[in-house]
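Dear colleague,

I am passing on a structure that I would like you to look over, with some notes on its disulfides below it. Please read the notes alongside the model itself.

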Amino acid sequence: CLLYRLLLLVAFAAVNQANDCQSRRTFSLANASSLVAPLPYHTIPSATDPLRCSMQCRSRPDLCFGFYYQTDKTTCSLFNASSFFRRKDWINIFTPGNIYSSIFGDEIIQLPISGCEQSSTASGAVCSRAIDGNLNQQFASNSCTLTAYLTGDKDWWEASLA
């Protein structure tokens with residue numbers, strides 16, 4: 001009977017832990033002891049530890065991409081994704097802080113694309129417009145592609161990796 005109760009207790013704990021992990025937003029260390037950090041949109045004074053800081057970020061999933069925590073100041077600063085990826089806009093924080101983000105690593109790797117094809121072309125919008133390096137998403141900028149809708153839901157665009 002005792003063994004049966006112990007097994008039930010272990011199974012119950014495992015189910016609760018699995019459910020907790022599914023709802024948990026995890027953060028990885030992106031920069032240890034950094035002297036520069038993303039511009040924060042919210043700062044929480046008197047944060048007691050990085051775990052509480054991560055919980056503050058998790059409570060704002062639509063806005064918060066990561067946080068940095070400065071132990072000596074016990075300060076938690078939250079930042080969004082655009083701040084994290086605009087390295088030129090990072091600010092000096094003068095005392096080291098650990099920067100955590102909701103992705104692994106802090107480097108964006110662009111896949112090398114060597115060419116493209118598409119099922120058809122409309123308005124002169126050839127497939128190479130989509131890989132020309134221009135990130136403007138307005139069609140009038142001549143940097144977007146468009147198929148002619150000739151084959152219904154079977155229109156396609158594809159890129160070739162180098």
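**Overall picture**

Of the contacts in the protein with a separation of 6 or more, 62% are between residues 24 or more positions apart, where contact means heavy atoms within 4.5 Å. Please bear in mind that this is a predicted model, in which local features need pLDDT of at least 70 and side-chain atom pairs count only at pLDDT 80 or more, while totals for chains, interfaces and linings use all residues. Residues are numbered from 1 along each chain as its sequence is written, and side-chain values use heavy atoms, with hydrogens and water left out.

The protein has 3 helices and 7 strands, which follow the pattern α-β-β-α-β-β-α-β-β-β when read along the sequence; helices (H or I, at least four residues) and strands (E, at least two) are DSSP runs, numbered from the N terminus. Of the 162 residues, 27% are buried, a term that stands for under 20% relative accessible area, with exposed being over 50% and partly exposed in between (1.4 Å probe, protein chains only). The protein exposes about 11,000 Å², of which carbon and sulfur atoms supply 59%, the areas coming from the Shrake-Rupley method with a 1.4 Å probe and, for residues, only the protein chains shown counting as cover.

**Disulfides**

The structure holds 3 disulfides, each defined as a pair of cysteine sulfur atoms within 2.5 Å, and with bonded cysteines counted along the chain they follow the pattern 1-4, 2-3, 5-6.

Cys53 and Cys76 form one of them, with their sulfur atoms 1.8 Å apart, and this link is right-handed, with 80° about the S-S bond. Because Cys53 lies in helix α2 (residues 50-58) and Cys76 in strand β4 (residues 75-79), the pair ties together parts that are 23 residues apart in sequence. Cys53 and Cys76 are both buried.

Cys57 is joined to Cys64 by a disulfide with an S to S distance of 1.8 Å, which is left-handed because the torsion about its S-S bond is about -105°; Cys57 and Cys64 are likewise buried.

Cys116 is joined to Cys127, S to S 2.2 Å, in a right-handed link with 90° about the S-S bond. Since Cys116 lies in strand β6 (residues 113-118) and Cys127 in the loop between β6 and β7 (157-161), this pair ties together parts that are 11 residues apart in sequence. Cys116 is buried, with a relative accessible area of 17%, and Cys127 counts as buried at 12%.

With kind regards
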